[in-house]
Amino acid sequence: MWDYTKSVMDHFSNPRNVGRIDNPDGVGEVGSLACGDALKLYLKIDKETGKIEDAKFQTFGCASAIASASALTEMIKGLSVEEAMKLTNDDIARFLGGLPEQKMHCSVMGKEALEAAVANFKGEKVEEHQDAAVVCKCFWVDEEKIRHQIREHKLTTVEEVTHYTKAGGGCGGCVPDIKRILAEETGKAAEPKETPAMTNLQRIKLITAIIESKVAPMLRQDGGDIELIDIDGVDVYVKLRGACAGCAGAKATLHNIVQETLRKEVDSKITIVEVK
Amino acid sequence: MSDIRQVYLDNNATCMVSPGVRDVMLPFFGELYGNPSSMHNFGGQVAVHVKAAREQVAALLNASPDEIVFTSCGTESDNHAIRGVLEATPEKKHIVTTKVEHPAVLNVYRFLEKKKGYRLTILPVSRQGDLNLDELRAALTPDTAILSVMAANNETGTLFPIDEIGAIAREKGVIFHTDAVQAVGKIPIDLKKIPADLLSLSGHKLHTPKGIGALFIRKGTRISPFMIGGHQENGRRAGTENVPYVVALGKACEEAMNDIFEENNRVRKLRDKLEEGLHSTIRHTYINGNPRWRLPNTSNIGFEFIEGEAILLHLSAAGIAASSGSACTSGSLEPSHVLMAMETPFSYAHGSVRFSLSKFTTEDEIDYALRVIPPVIQKLREMSPFYDPTK
């Protein structure tokens, strides 16, 4: 059995604001029968003040989907549209005292329904999935949503992406795509430091800085060290000293750690060359 | 709710220990602590009970006592059967099973395919969960080492014709293993008539505590031991016998043999009352599995437009225990592999609930369930964006 909080069980057992609103000012609908959960959110909005006067929902889903929808409606009533849009799915989960990691996608569904309802209110066209952009064909999750969740929650593994978006949770056919997106997104974190056309001087400076600020402290923590000898294009010449100097396996690991770090931070083509 | 009570309708998951079974175990936690292999009276007086238990298990299956090996659970029996046969038949590299097997079988086959290089054929099932026997026959080749087909499906209760399947396997010279964990004790199984070479069973589906199972190995079947060590179980399963639980399994099989008529009739009537009651009062409900060719205790019902975990939690709050093939209950995101193999429509796959009865289920309990379940379904449907009350 899931370890649901009292608040989740309360909102599940006695959901607030269930139903429809006649002549709503905004309606947002996300999910489907095939996906196993869906949420339809109705908003009544005062056009003068932009305040959400009433919110109601209908949902198809598990206890956390129902509780998330109930929580969402309680949270947004009385807020202005702008204030409501600032809420994140984490806020919904927090409101409920937390959700099991595997159920975080339920709170994401709440946030998405809100976005869709507000877009509908503003008369914006809700973007349809473009078939080409759909990554997970089981749950119809597009690349944009995956990238958004990776950035917002600093996700690093496929499993985490599945918990937040459901992508990859069905046949698993899209797992390689999710890995690629993850690699691109996590690689991106270093991108701003990298100007498109890096001069040799910039590259040398960046490599030196990364080794000093990141790589060396990491190695020193375990009793090892690194000394930068030379840089020739993408070849970085270093002296490596592991904690266990005579151990070939440890040395190889060390080599890989240094190379991976520099590839991630500076240039994917970098090769570490060890000098004696 | 003032008359709140506990109604256990999840007997395919596990069931209560029968009072008779509990009673026969107790002396083995006291004075009867000897090792049945010992050459003194402490051992000897215990060995008699182990021997009797083996005869009781054999009697239920119409097998010979020396064809029964005690194991720790149904999963061990399945692993022993499949991997033991493959080890004894190293020249054959093809294995066959079905899409709807229990993970204790299916995941072993998948492991063998991925890690051990076996060629694996997984047979599909129809919308009702039935196998196509022509397809099964065609799948068996001279290179096929073993075929595993369950006797009864744990989720839907659908029965496979293991007598016919065994005959086909025999004709093709393929060893036939059947996982009968859900079937044993619920329907008569006569191994003189069913040509199975190996049959797995589990105690806790038969009213013993968890932690005991058995594997039937037909005389002459080539199979390697799964546990290597001492000479217990004729050298086929080393390890000092779990005597209290072995005795429990013997007693449970004896009770099952006496009760099987009741299982087949009284329980079937209660199951039908529950199913018909729900089906007639709640619209948009569907029976999953083959409604005629089915275990007498199992009913798997799909409630359209709502989700299983939500149903189960509401039922649990009202004291009713059931289970669901819905994705959300397991932490996976897709409905159960059994419902998916049957191509169950998504509109009710996610809202499918399994009710499984036992010989301890009473009519009062079914009446209570019939009162409690419809309003729960209605409450959730009223919340669902897909439910149209006018239809």
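## Strands that pair in chain B

Two strands count as paired when DSSP finds at least two bridges between them. Keep that in mind for this predicted model, starting with B:I287, which sits opposite B:I301 of strand 10 in chain B. Strand 9 of chain B and strand 10 (residues 298-303) of chain B run antiparallel and are joined by three bridges.

Those two strands belong to an open, four-stranded sheet in chain B, with the order 9-10-13-12 and antiparallel pairing. At its edges stand strand 9 (285-287) and strand 12 (323-324) of chain B; each has a single partner strand, so one side of each has no neighbour in the sheet. Helix 7 (residues 243-281) of chain B lies across strand 9, strand 10 and strand 13 (352-356) of chain B, and runs at about 10 degrees to strand 10 of chain B.

## A covered helix

How much of helix 8 of chain B is buried? Helix 8 spans residues 308-317 of chain B, and eight of its 10 residues are buried, so call it mostly covered, with 20 or more other C-beta atoms within 10 Å of a residue's own as the cut-off for buried. The buried set is B:G308, B:E309, B:A310, B:I311, B:L312, B:L313, B:H314 and B:L315. After helix 8 of chain B comes B:G319, which has a positive phi, near 90 degrees.

## Chain B as a whole

Zooming out, chain B has 12 helices and 13 strands. Its radius of gyration is 22 Å, close to the 21 Å that the globule rule gives for 391 residues, so chain B is as compact as a globular protein of that length. Along the principal axes, the C-alpha atoms of chain B fill a box of roughly 75 × 50 × 35 Å.

Of the 391 residues in chain B, 52% are buried. Take the contacts in chain B with a separation of 6 or more: 74% of them are between residues 24 or more positions apart.

## Two domains in chain B

Chain B splits into domain 1 (7-15 + 260-383) and domain 2 (19-256). Their C-alpha centres lie 28 Å apart. Where the two meet, 23 residues of domain 1 of chain B are in contact with 27 residues of domain 2 of chain B.

On the domain 1 side, helix 7, strand 10 and helix 10 (337-341) of chain B each supply at least two residues. Helix 10 of chain B gives the largest share, three residues. By class, that side has eight nonpolar, 11 polar and four charged residues.

## Where chain A meets chain B

The contact between the chains takes 22 residues from chain A and 20 residues from chain B. On the chain A side, the elements giving two or more residues are helix 1 (6-13), strand 2 (37-45), strand 3 (52-60) and helix 2 (63-76) of chain A. Sorted by class, this side has 11 nonpolar, eight polar and three charged residues.

## A mixed sheet in chain A

Chain A has an open sheet of three strands, ordered 6-7-8, with mixed pairing. Which strands stand at the edges? They are strand 6 (225-232) and strand 8 (271-274) of chain A, each with a single partner strand, so one side of each is left without a neighbour in the sheet. From one strand to the next, the twist averages 35 degrees.

Strand 7 (residues 235-241) of chain A pairs with strand 8 of chain A in the parallel sense, over four bridges. A:V238 has A:E274, in strand 8 of chain A, as its bridge partner. Helix 9 (residues 200-221) of chain A packs on this sheet and touches strand 6 and strand 7 of chain A, with its direction at about 160 degrees to that of strand 6 of chain A.

How values were computed: Residues numbered from 1 in each chain as written. Chains lettered and ligands numbered in written order. Predicted model: local features only at pLDDT ≥ 70, side-chain atom pairs only at ≥ 80, totals over all residues. Contact = placed C-beta atoms within 7 Å. Axes fitted to C-alpha atoms, helices over the stretch in contact; angles between N-to-C directions. Nonpolar A, V, L, I, M, F, W, Y, C, P; charged D, E, K, R; others polar. Buried ≥ 20, exposed ≤ 12 C-beta atoms within 10 Å, placed from the backbone. Domains from an automatic or database assignment. Rg over C-alpha atoms; globule rule 2.2 N^0.38 Å.
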